[in-house]
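Please open the structure in your viewer and keep the selection tool at hand.

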Amino acid sequence: MVKPTGELTLRTLAMPADANAAGDIFGGWVMAQMDLACGIRAAERAHGRVVTAAVNEMSFAMPVKIGDTLCIYTDIVKVGRTSMTLLVEAWAQRYLTPQMDKVTNALFVMVALDADNKPTPLPAE
């Protein structure tokens with residue numbers, strides 16, 4: 001059985017307002033939740049403000065449905081001078097079941113910023 005990679009960083013419920021007429025959750029909403037999770041995890045590592053610099057290709061293996069709990073897992077896979085790369089996986093816990101399905105994944109590049117909005121070195125771990 002395949003399990004999520006990284007730390008559970010965000011859980012949220014897929015609601016009707018986030019869906020199309022067929023009851024499938026918009027991919028943009030899923031991506032936004034992934035970006036929020038990256039911001040949380042990267043800011044914790046940077047001890048400060050971070051911004052999204054890039055997102056690699058994303059494809060959706062299966063839909064998220066109304067009522068599913070979207071679970072976002074993050075894993076910091078690379079740390080540079082001012083940026084870090086995170087592997088982000090989105091999993092759907094199906095409504096009222098323990099079943100977990102991997103929906104999508106992507107690499108996000110986050111950059112640490114100082115008070116003047118300039119890239120700043122990441123602290124040593």
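Helices (H or I, at least four residues) and strands (E, at least two) are DSSP runs, numbered from the N terminus. The model is a predicted one, in which local features need pLDDT of at least 70 and side-chain atom pairs count only at pLDDT 80 or more, while totals for chains, interfaces and linings use all residues. Residues are numbered from 1 along each chain as its sequence is written, and side-chain values use heavy atoms, with hydrogens and water left out.

**Stop 1: the annotated domain**

Select residues 4-116. For this range, UniProt gives the feature "domain: HotDog ACOT-type", from an unreviewed entry. UniProt positions are given in the numbering used here, feature names are shortened, and annotations may be inferred rather than shown by experiment. Over residues 4-116 the chain is 18% helix and 42% strand. The C-alpha atoms at the ends of this range are 37 Å apart.

**Stop 2: the nonpolar core**

Two terms are needed here. Buried means under 20% relative accessible area, exposed means over 50%, and partly exposed lies in between (1.4 Å probe, protein chains only). A nonpolar core is a set of buried Ala, Val, Leu, Ile, Met, Phe, Trp, Tyr and Cys residues joined through side-chain atoms within 4.5 Å.

Select V30, M34, V64, I72, F108 and M110, which have the most contacts inside the largest nonpolar core, a set of 27 residues. The elements that contribute two or more residues to this core are α1, β3, β4 and β5. Which element gives the most to this core? It is α1, with seven residues.

Now centre the view on M110. Contact means heavy atoms within 4.5 Å. Leaving aside neighbours within four places in sequence, M110 is in contact with several residues, including C38, A42, V51 and L86.

**Stop 3**

Select V103, which is placed in strand β5 (residues 100-112). Is V103 buried or exposed? V103 is buried, because its relative accessible area is 1%. Apart from neighbours within four places in sequence, V103 is in contact with S59, F60, A61, M62, V64, A90, W91 and A92. Draw a distance from V103 to M62: the two are 41 residues apart in sequence, yet 5.3 Å apart in space, C-alpha to C-alpha.

Next, select T104, also found in strand β5. At 2% relative accessibility, T104 counts as buried. A polar atom of the T104 side chain lies 2.7 Å from the backbone oxygen of S59. Beyond four places in sequence, the contacts of T104 include V30, M34 and V88.

**Stop 4: the salt bridges**

Side chains of opposite charge can pair when their charged atoms come close. A salt bridge is a side-chain nitrogen of Lys or Arg within 4 Å of a carboxyl oxygen of Asp or Glu. By this rule the count comes to six salt bridges.

Select K65 and D24, which form a salt bridge whose closest N and O atoms are 2.5 Å apart. The pair links distant parts of the chain, 41 residues apart: K65 is in the loop between β2 (50-55) and β3 (69-79), and D24 is in the loop between β1 (7-13) and α1 (27-46). K65 is partly exposed, with a relative accessible area of 34%.

Then select D68 and R94, whose salt bridge has its closest N and O atoms 2.5 Å apart. D68 is in the loop between β2 and β3, and R94 is in the loop between β4 (83-93) and β5, 26 residues apart. D68 is buried at 3% relative accessible area, and R94 is buried at 14%.

D101 forms a salt bridge with R94, the closest N and O atoms being 2.9 Å apart. Salt bridges that share partners join D68, R94 and D101 into one network. D101 counts as buried, at 16% relative accessibility.

**Stop 5: two positive phi values**

Most residues other than glycine have a negative phi. Select H47, in the loop between α1 and β2. The phi of H47 is near 55°, a positive value in a residue other than glycine. H47 counts as exposed, because its relative accessibility is 65%.

Finally, select L96, in the loop between β4 and β5. What is the phi of L96 near? The phi of L96 is near 60°, a positive value in a residue other than glycine. At 73% relative accessibility, L96 counts as exposed.

Conventions
Polar contact = N/O pair within 3.5 Å; in protein donor to acceptor, adjacent residues only side chain to side chain.
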